[in-house]
Amino acid sequence: MAQNSDTPWMAAMRRGDFAEAWRISDAYLNDCLARGGPDFTLPRHLQRVWDGRPLADKHVLVRCYHGLGDTVQFLRFARPLRATTTHVCLWAQPELMQLVATASGIDLVLPLHDGPPPTDFDAHIEIMELGHALRIMPYDLPGEVPYLFARNVDNLTLSSAALRVGLVWSAGDFAPHRSMQARSFSPLSMISNIQLYSFQRGPARVQARDIPALDISTPAIDDLVAALRAVDVIICIDTFVAHLAGALGLPVWLLLHAECDWRWMSELRRTVWYPTMRLFRQRTAGDWHSVIEDVAAELAKLAEGRRNADSIVRQEQTKQFDVRPS
């Protein structure tokens with residue numbers, strides 16, 4: 001579905017002109033077919049799999065060749081795909097298998113590995129090509145949200161009565177411009193009535209002590225789902241956790257670089273992809289300070305609302321035990 005650089009396709013998607021993006025994708029697909037079809041010698045994330053033929057009434061294999069966040073984002077299209085096909089098999093990253101099996105429209109989930117797929121199929125497609133194949137338009141989004149669900153997982157219990165705020169600050173080496181240092185979140189620790197929690201994984205995990213934030217990160221996806229559901233809001237840079245929280249229908253505030261990915265479009269404070277997500281954008285490339293200032297102002301309002309709500313509850317509880325004549 002996506003192209004490899006800042007192209008007319010990306011420009012069309014950024015302005016929400018999906019019809020133009022699919023026209024460009026059609027031309028790219030026709031050129032690919034004229035050169036002999038899909039090239040499976042390319043790195044997975046560069047492979048185009050679909051040959052353009054209709055998928056209706058077919059046994060379809062959906063290959064998940066991009067990142068975990070890409071799989072989660074485009075999995076929403078399994079349901080409309082299944083509405084016209086006879087069978088949908090998802091060949092997905094092993095760590096996601098149990099979670100993606102909860103999505104509507106999936107008949108079978110198999111673990112992704114090198115080599116040929118271990119199942120028969122009539123047609124196959126890479127998961128990020130589904131938008132093109134189904135001719136999705138902005139008004140078709142977000143569809144049903146949540147579309148992923150925790151299964152046989154108990155929610156994590158956090159004892160804090162304060163507003164519980166989950167954080168992710170680093171996307172790793174894939175796109176370093178999306179990341180920040182944990183200490184950039186320091187202004188949040190100055191807000192009263194909040195408790196910070198870290199979902200950060202990888203080498204940047206140790207930075208949780210710089211804020212400070214309680215580390216509740218976990219490599220297990222099902223445990224991560226339980227932890228995400230235990231906080232009141234997730235604040236993170238553009239990475240897998242943002243997509244997962246959005247797909248689960250959880251409140252998530254996404255922090256975006258000025259030159260952000262095409263899927264977040266331009267200038268908007270909301271996204272067509274996830275109804276529970278708010279976008280906080282850099283006004284100048286590399287300036288996370290102003291982004292965190294905006295976040296801190298909104299978070300302070302949220303914490304104050306929690307404080308007021310708790311005060312009302314305490315007053316009502318006190319009245320229940322006040323037996324003096326009125």
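At 17% relative accessibility, Arg-178 counts as buried, where buried means under 20% relative accessible area, exposed over 50% and partly exposed in between, with a 1.4 Å probe and protein chains only. The model is a predicted one, in which local features need pLDDT of at least 70 and side-chain atom pairs count only at pLDDT 80 or more, while totals for chains, interfaces and linings use all residues. Residues are numbered from 1 along each chain as its sequence is written, and side-chain values use heavy atoms, with hydrogens and water left out.

Arg-178 forms a salt bridge with Asp-261, the closest N and O atoms being 3.8 Å apart; a salt bridge is a side-chain nitrogen of Lys or Arg within 4 Å of a carboxyl oxygen of Asp or Glu. Asp-261, at 16% relative accessibility, also counts as buried. The side chain of Asp-261 makes a polar contact with the side chain of Arg-263 at 2.5 Å (a pair of N or O atoms within 3.5 Å; within protein, one must be able to donate a hydrogen and the other to accept it, and residues adjacent in sequence count only if both atoms are side-chain atoms).

The structure holds 17 salt bridges. In one of them, the side chains of Glu-144 and Arg-79 meet at 2.6 Å, N to O. Glu-144 counts as exposed because its relative accessibility is 53%, whereas Arg-79, at 42%, counts as partly exposed. Arg-278 forms another salt bridge, with Glu-298, the closest N and O atoms being 3.3 Å apart.
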